[in-house]
Amino acid sequence: MHCPFCRHTDTRVLDSRVAEDGSAIRRRRHCPADSGGCGKRFSTVEQMQVTVVKRSGATEPFVREKAISGVRKACKGRPVTEDQLACLGQEVEDTLRCNAKAEVPAHEIGLAILGPLRQLDEVAYLRFASVYRQFSSAEDFEAEIGLLRAERQLVSAPSG
């Protein structure tokens, strides 16, 4: 790890702590002056990188903004704010990290988006699902709307 102050390559770890959610490690480091460094201290945060495995077999790092951009298109003209999209992106990334897999197939990202998007806006959900699940007819939309209605009835039905 290079020192951010003097670019010296020989830094020492003084302390390591796991973040509350277990997804990152915070390290307190020291750049030793006795070996040509500046003697300053600094912190680093290490996070597990989620890698996306595309259909072609190629891999690339998960980029939250890329996932949000697809959702943003589905939300066009809907009462969804950028803050809500950012929260959805964080929720999707957290879901992927909690799966404890370093490599995630691309289709699992779409699955991780569908749930939070359905809670956020049903119309945007239908738009996104129609592309993600490759709806080919009005019947596909009707079936999905039927599932949404059935779920809503289950939630609003009085228990007893």
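Helix 1 and helix 4 cross in a right-handed way, where right-handed means that the near helix is turned clockwise from the far one by less than a right angle, and left-handed means anticlockwise. Helices here are DSSP runs of H or I with at least four residues, strands are runs of E with at least two, and both are numbered from the N terminus. This is a predicted model, so local features need pLDDT of at least 70 and side-chain atom pairs count only at pLDDT 80 or more, while totals for chains, interfaces and linings use all residues. Residues are numbered from 1 along each chain as its sequence is written, and side-chain values use heavy atoms, with hydrogens and water left out.

Back to the helix pair. Two packed helices are described by the angle and the distance between their axes. For helix 1 (residues 64–74) and helix 4 (residues 122–132), the axes come within 8 Å and cross at roughly 115°. Axes are lines fitted to C-alpha atoms, for helices over the stretch in contact, with angles from 0 to 180 degrees between N-to-C directions. On the helix 1 side you'll find G70, V71 and A74, which meet A124, R127 and F128 of helix 4. Sorted by class, that contact has four nonpolar, one polar and one charged residues; Ala, Val, Leu, Ile, Met, Phe, Trp, Tyr, Cys and Pro count as nonpolar, Asp, Glu, Lys and Arg as charged, and the others, Gly among them, as polar.

Three strands make an open sheet in the order 5-4-6, with mixed pairing; two strands pair if DSSP finds at least two bridges between them. Strand 5 (59–61) and strand 6 (103–105) are the edges, and each has a single partner strand, so one side of each lacks a neighbour in the sheet. On average, neighbouring strands are turned by 35° against each other, direction ignored. Strand 4 (residues 51–53) runs parallel to strand 6, and three bridges join them. V53, for instance, has P105 in strand 6 as its bridge partner. Helix 3 (residues 106–120) lies across strand 4 and strand 6, at about 75° to strand 6.

Technical notes. Contact = heavy atoms within 4.5 Å.
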